[in-house]
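Let's walk through this model together, one question at a time.

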Amino acid sequence: MASPGGEKPYRLYRGGRVKGRVPTASPSKSPPRGPRAPRDGKRDYRGPGPRPRKARRPTRQIRWGREIGIALLLSLLFFIVWAVLGYLAFRGGVSAANKRLTKTARTALTPDKGSLFAHSTSILLLGTDHSAHVSRVGDRHSDSITLLHTDPGHGRLYYLSIPRDLQVEIPGYGTSKINTAYQVGGPRLAIRTVASYTGIPVNHVIVVDFAQFRDLIDKIGGIDVVVPRPIVSKFDCPYASPVRCARWPGWRFPKGKVHLDGKRALIYSRVRKNALDPSETDITRGERNQQVLQAVMSKLAGFGTYVRMPFIGGSLLKPLATDLSANQFLGLGWNKFRAGTTIHCRLGGSSTGGSIAPSEDNAKVILMVLGKSAVQPPAPSGDTFPPGCLIGNVAPGR
């Protein structure tokens, strides 16, 4: 049957003609296809209103912040572990130093009124001389006598240098040079003698063996001191031959700031005579002792020593004998760190041959050390070594 339009009723296929009924109506449209799911699994928005903004991926900056936070946390943990290891090593060294101090010496000490972090304390520093020189190998003297007084409330440190030849009353032995107290009675009698003469209760003591002191200085990387005047001295010739000692030019220290290793620091603290300045005496020698001790204390409280503490803490205090605990050492270091003012004082008097008769002005200096009187420099007087105090790193008499 022909279609109304006269066309034959076939359907054309790619493979040829096929008979059959030709549809008269176009096929119904297929339903609209839904939105295609994107590759990330999210569907496109088809609703009314503005198209929502796509969520931004985390930026590289956020990831960097997270990585920096983790690095800081790990650094903090490392710092804490390092501090604990350093403290444990240091505490072991302090414990050994406590055992080296005789029990009788502790009985002469006056207990503190509180923590060293907040309360004043007085610490007697005794530098003992064990020179290798044949003529002095048997000496048992306290060649350096310094009383350190802290004043945390006012941020001050006082160093009182006491000449070793100062004539004082030694309990039970009568009048003699103050360094005789250590020679005949050890640290205990030295503590009692200093406390009796100055009227300042001694709360702690540190006995420094200068023969081993150079090892400590080497372990902390040496020290820096300011030499007020150039020094040339043949004190303690290192050679056994007298002929060679005669040709030896002597120890030399230039004026100004110098860096000293342990050996040269020990020599500097021991020099008694200066060929370039005949006026120097045991008083100036004591001032050099004080310089070295203060420089060591500053270096011990420094960051560089802290970094190496886990390795050197156990042997750091080998030259010392003391009653101070590890926490009290930390309190002393804290006072040293935050002290805004350092005051150097000395007792003095008139030379009477090999001894020094005490000056009447020594009592005024003691009041200065206790903060009960204004700091005054050595005043002109008839004393060979006038007593007084100076603020800063320059010892009295310079």
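Helices here are DSSP runs of H or I with at least four residues, numbered from the N terminus. Please keep in mind that this is a predicted model.

Q: In which helix is leucine 76 found?
A: Helices are numbered from the N terminus. Leucine 76 lies in the run of residues 60-100, which is helix H1.

Q: Is leucine 76 buried, partly exposed or exposed?
A: Buried needs a relative accessible area under 20% and exposed one over 50%. Leucine 76 has 47%, so the residue counts as partly exposed.

Q: At what angle do the axes of helix H6 and helix H7 cross?
A: Two packed helices are described by the angle between their axes and the distance between the axes. For H6 (residues 262-270) and H7 (residues 282-300), the axes come within 7 Å. Their crossing angle is roughly 150°.

Q: Which residues in H7 meet H6?
A: On the H6 side, the contact involves Ala265, Tyr268, Ser269 and Arg270. The residues of this contact divide into 3 nonpolar, 3 polar and 3 charged. Those in H7 are Arg285, Arg288, Asn289, Gln291 and Val292.

Q: What percentage of the residues of the chain count as buried?
A: A residue is buried under 20% relative accessible area. Over the 398 residues of the chain, the share is 41%.

Key: Residues are numbered from 1 along each chain as its sequence is written. This is a predicted model: local features need pLDDT of at least 70, side-chain atom pairs count only at pLDDT 80 or more; totals for chains, interfaces and linings use all residues. Side-chain values use heavy atoms; hydrogens and water are left out. Buried means under 20% relative accessible area, exposed over 50%, partly exposed in between (1.4 Å probe, protein chains only). Helices (H or I, at least four residues) and strands (E, at least two) are DSSP runs, numbered from the N terminus. Axes are lines fitted to C-alpha atoms, for helices over the stretch in contact, and angles run from 0 to 180 degrees between N-to-C directions. Contact means heavy atoms within 4.5 Å. Ala, Val, Leu, Ile, Met, Phe, Trp, Tyr, Cys and Pro count as nonpolar, Asp, Glu, Lys and Arg as charged, and the others, Gly among them, as polar.
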